[in-house]
Amino acid sequence: MALFDPPARIRDTIGPNARPDGEGSVQVGLDPNDRIGTAKVFAVYGKGGIGKSTTSSNLSAAFSLLGKRVLQIGCDPKHDSTFTLTKKLMPTVIDVLETVEFHSEELRPEDYMFEGFNGVMCVEAGGPPAGTGCGGYVVGQTVKLLKQHHLLEDTDVVIFDVLGDVVCGGFAAPLQHAERAVVVAANDFDSIFAMNRIVAAIKAKAKNYDVRMAGVIANRSAATDEIDRYNEATGLKRLAHFPDLDAIRRSRLKKCTLFEMESTPEVDAACLEYKRLAALMWAGCEPLAAEPMKDREIFEFLGFE
């Protein structure tokens, strides 16, 4: 069997007997035994480069400052989700599995899980080499490893920071574990167009799993008028707004969270917004029955004369 071939029980969920996530679905199915337990689980989505990892890491930090035990799982082969929390690039689950020839029983938790800012625990799932396997399978194996080592039992919040490709199995796999999904978007055509396709993907997964849309985090934008107009048309709502602050960009360069940056009125306001968002998500975001538009419809909807 090839290194990244899914086992038979997963291959068997792909085909005519698979539960229909949507027309043409060939997604990897979830083993019911691998469900995450009592933690609140959130999946963070958005187009590539929109600031998902920055948002996820600062949100993890905010949850930790509210006294919650937090685990952040990076779901991108680039494995750069958690470095502002840990101050360095962490080895991925795939990296460490390879060192033991994929005998997971030989791994210890400290081989792949690392403590970051204010006790946030960090895991980078990684991925197979480019063009050789399914990212969804890698995410599934990461969750299984965490459960085998009982690392989810004392966790209050799990945040999946998800890669931007809507059709990838690595994109879909966290939706099988999450309770709520949030989308990070800027107030521009490309971000909202991508968000619409993400909302459609989440709606498809909601047919068979517990995940529901929680809302939109407006990021890197002075205004939110186009996001708000889209939300009103589709049944979404804005959960938070982070303007395009140079301090946020510099925090990535300094390899730290926004909470560790020098205090200024802008930084303090953004930190308060992250804490407000974390408190809102912890209290429970109502599920949104959003209705995404067709691609041509949203193409005509966005923009102005």
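The protein has eleven helices and eight strands. What you are looking at is a predicted model, so please keep that in mind throughout.

Some totals to begin with. Of the 305 residues in the protein, 53% are buried. The accessible surface comes to about 14,000 Å², and carbon and sulfur atoms account for 51% of that surface. On contacts: taking those between residues at least 6 apart in sequence, 76% join residues at least 24 apart.

The rest of this talk is about charged pairs. Side chains of opposite charge can pair when their charged atoms come close. How many salt bridges does a search of the whole structure find? The count is 13.

Are the two partners buried or exposed? K78 is exposed, at 51% relative accessible area. The cut-off for exposed is over 50%, so K78 falls in that class because of its 51%. D76 has a relative accessibility of 17% and counts as buried; the limit there is under 20%.

Next, D228 and R238. Here the side chains meet in a salt bridge at 2.9 Å, N to O. Which elements do the two residues come from? D228 lies in helix α8, residues 225-234, and R238 lies in strand β8, residues 238-242. The pair therefore ties together parts that are ten residues apart in sequence. As for accessibility, D228 is partly exposed at 27%, and R238 is also partly exposed, with a relative accessible area of 37%.

Now R250 and D246. The salt bridge between these side chains has an N to O distance of 3.0 Å. Where do R250 and D246 lie? Both are in helix α9, which covers residues 246-253. They are four residues apart, about one turn of the helix. R250 counts as partly exposed at 36% relative accessibility, and D246 is partly exposed as well, at 41%.

Last, the network. R108, E110 and D111 are linked to one another through a network of salt bridges.

Technical notes:
Residues numbered from 1 in each chain as written. Predicted model: local features only at pLDDT ≥ 70, side-chain atom pairs only at ≥ 80, totals over all residues. Heavy atoms only, no water. Buried < 20%, exposed > 50% of the residue type's maximum accessible area, 1.4 Å probe, protein only. Contact = heavy atoms within 4.5 Å. Areas by Shrake-Rupley, 256 points an atom, 1.4 Å probe, with all protein chains shown as cover. Salt bridge = Lys/Arg side-chain N within 4 Å of Asp/Glu carboxyl O.
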